[in-house]
Amino acid sequence: MAPPSSDLKLLGSWASSYTHRVQLALKLKGLAFEYAEEDLADKSPSLLLYNPVYEKVPVLLHRGRPVLESVIILHYLDETWPEVPLMPADPYDRALARFWCHFVDDKLGPAVGAVFASPSDGQAAAVEQVHENLRLVERELREGAFAGRRRFFGGDKIGVLDIVLGCGSYWLAVFEEVMEVKLVDPEAFPLFHSWLRDFEAQEEVKAIIPAIDRLLEYARGVRQMMLGLSTRQQ
Ligand SMILES: N[C@@H](CCC(=O)N[C@@H](CS)C(=O)NCC(=O)O)C(=O)O
């Protein structure tokens, strides 16, 4: 049963893919929630109170108690409201989903972030790191753990790994444009590419991901700031 909206409150940031993970999970589960936009340059007392360790969004408050870290929040939601499951039923499939969620945050995400932060002379190496990680995903989809999977990693419906891998993957297209690089060549990564297009076409996902123009403007601003900082440091 969906809780009354006062039960769930999300502290988030509009451009944060970690926040989008939680928003998407809440939407897929049909859970009403209150949303508070955080200014990450001027964090609210609530954010500092509820996440004093990392001081980061997202923070989910359930009846006033904070749940922290996007993937932990997804698991919490799944355990508390299991009616629309995000985790696979089989323990081995659950272990796989957890492992690849970890891979997204531990390897793929940082590699994508490094492209965005790279100076022009380090860009090619940073792009190669992303390709190396995408090759790993493509191989799993073609002949590894996810060969023969149904439409999504979660089966016919979006699951936890779709959420974790998919929320953030739209930054690939944003960084391609801002940095003038090719990150997801459909010919090199056909299975990943078609999975991503399918994920992004889902109504629930379209409702969460901000407009590309807004993301582009934001990314260009951050890139300018980074370039300004790096020239000042020279
Ligand atoms: N591992 C965290 C990462 C969250 C994260 O990096 N949040 C960023 C926004 S995208 C943030 O709050 N940054 C503020 C800061 O670093 O001061 C999660 O999965 O929730």
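How many residues of domain 1 are in contact with how many residues of domain 2? Twelve residues of domain 1 touch 16 of domain 2, where contact means that C-beta atoms, placed from the backbone, lie within 7 Å.

## About the model

This is a predicted model, in which local features need pLDDT of at least 70 and side-chain atom pairs count only at pLDDT 80 or more, while totals for chains, interfaces and linings use all residues. Residues are numbered from 1 along each chain as its sequence is written.

On the side of domain 1 that touches domain 2, helix 1 (17-28) and helix 3 (70-80) are the elements that give two or more residues. Helix 1 gives the most, with eight residues. Helices (H or I, at least four residues) and strands (E, at least two) are DSSP runs, numbered from the N terminus. This side of domain 1 divides into seven nonpolar, three polar and two charged residues. Here Ala, Val, Leu, Ile, Met, Phe, Trp, Tyr, Cys and Pro count as nonpolar, Asp, Glu, Lys and Arg as charged, and the others, Gly among them, as polar.

## The largest nonpolar core

Let's look inside. The largest nonpolar core has 51 residues, and Ala 25, Val 160, Leu 161, Ile 163 and Val 164 have the most contacts inside it. Helix 4 (residues 91-117) supplies the largest share, seven residues, and at least three residues come from each of domain 1 and domain 2. Such a core is a set of buried Ala, Val, Leu, Ile, Met, Phe, Trp, Tyr and Cys residues joined through C-beta atoms within 7 Å. Buried means that 20 or more other C-beta atoms lie within 10 Å of a residue's own, with C-beta atoms placed from the backbone.

Leaving aside neighbours within four places in sequence, Ala 25 contacts Leu 74, Leu 77, Leu 86 and Ile 163.

## Strand 1 and its partners

Four of the five residues of strand 1 (residues 8-12) are buried. Strand 1 runs antiparallel to strand 3 (residues 59-62), joined by four bridges, with Leu 10 opposite Leu 60. Four bridges also join strand 1 to strand 2 (residues 34-37), in parallel, and there Lys 9 stands opposite Glu 34. Pairing requires at least two DSSP bridges between the strands.

## Helix 7

In helix 7 (residues 170-179), the buried residues are Tyr 170, Trp 171, Leu 172, Phe 175 and Val 178. Just after helix 7, Glu 180 takes a positive phi of about 55°.

How values were computed: Buried ≥ 20, exposed ≤ 12 C-beta atoms within 10 Å, placed from the backbone. Domains from an automatic or database assignment. Contact = placed C-beta atoms within 7 Å.
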